[in-house]
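Subject: Handing over the structure

Hi,

Here is the structure I promised to pass on.

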Amino acid sequence: MRVLFVCLGNICRSPTAEGMFRRLLDERGLAHRVQVDSCGIGDWHVGKAPDPRTREAAARRGVDLSALRARQLAADDFGRFDYLLAMDHDNLAAMRALAPSETDAHLGLFLDFAGLSDRAVPDPYYGGEQGFEEVLDLVEQGVLGLLAEIEVRLESRP
Ligand code: 4NP
């Protein structure tokens with residue numbers, strides 16, 4: 001199973017989701033069965049580590065994001081991943097515009113799996129400290145819901 005988290009810059013929200021989902025998979029002994037990556041719609045930050053505010057907020061919850069590097073969403077991602085999960089509606093629209101007309105991958109909003117239907121993880125980039133905490137709170141909920149979904153899929157293909 002392969003999961004790709006998608007946001008705008010790949011330096012705040014989607015690396016947070018990648019790091020927190022990796023930790024959860026490690027804790028549950030599922031890291032070998034699920035591949036995780038993240039990317040951005042834009043190319044402004046390609047090659048950069050996550051934003052320092054994001055790294056510090058994640059580190060306060062015990063998640064180290066310092067090894068991650070930003071990359072841009074690529075056309076072949078639609079064939080390489082089972083789930084491409086957008087952080088907000090703009091990311092989802094941009095992702096859909098790039099997707100091939102026929103794809104087996106699930107393209108959707110990340111928080112749909114958290115029981116937060118149609119909700120976005122708000123972009124924290126131009127805001128204050130509180131925005132980064134909100135990202136972490138929402139991502140924590142989202143990765144738990146996503147894990148429940150993935151566990152069902154893994155049971156049906158052991
Ligand atoms: P992200 O946040 O999409 O969560 O990584 C952003 C990072 C950078 C920019 C926008 C959003 N930017 O405009 O550079």
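Let's start with the ligand: one of its oxygen atoms lies 3.2 Å from a polar backbone atom of Asn10, which makes a polar contact (a pair of N or O atoms within 3.5 Å). Before going on, note that this is a predicted model, where local features need pLDDT of at least 70 and side-chain atom pairs count only at pLDDT 80 or more, while totals for chains, interfaces and linings use all residues. Residues are numbered from 1 along each chain as its sequence is written, and side-chain values use heavy atoms, with hydrogens and water left out.

Ile11 also has a polar backbone atom 3.0 Å from a ligand oxygen. With Tyr126 it is the side chain that takes part: an N or O atom there is 3.4 Å from an oxygen of the ligand. On its own the ligand has 350 Å² of accessible area, and the protein covers 93% of that (Shrake-Rupley method, 1.4 Å probe).

Who else is around? The surrounding residues (a heavy atom within 4 Å) include Cys7, Arg13, His45 and Asp123. By type, the shell splits into 6 nonpolar, 3 polar and 2 charged residues; Tyr and Cys count as nonpolar here, and Gly as polar.

Now the cysteines. How many disulfides does a search of the whole structure find? It finds 0, taking a disulfide as two cysteine sulfur atoms within 2.5 Å. For Cys7, the nearest cysteine sulfur belongs to Cys12, 7.0 Å away. Cys39 has its closest cysteine sulfur in Cys7, at 7.9 Å, so the two are too far apart for a bond. Cys7 is buried, at 2% relative accessible area (buried means under 20%, with a 1.4 Å probe and protein chains only). Cys39 is buried too, at 0%.

Cheers

Notes
Polar contact = N/O pair within 3.5 Å; in protein donor to acceptor, adjacent residues only side chain to side chain. Buried < 20%, exposed > 50% of the residue type's maximum accessible area, 1.4 Å probe, protein only.
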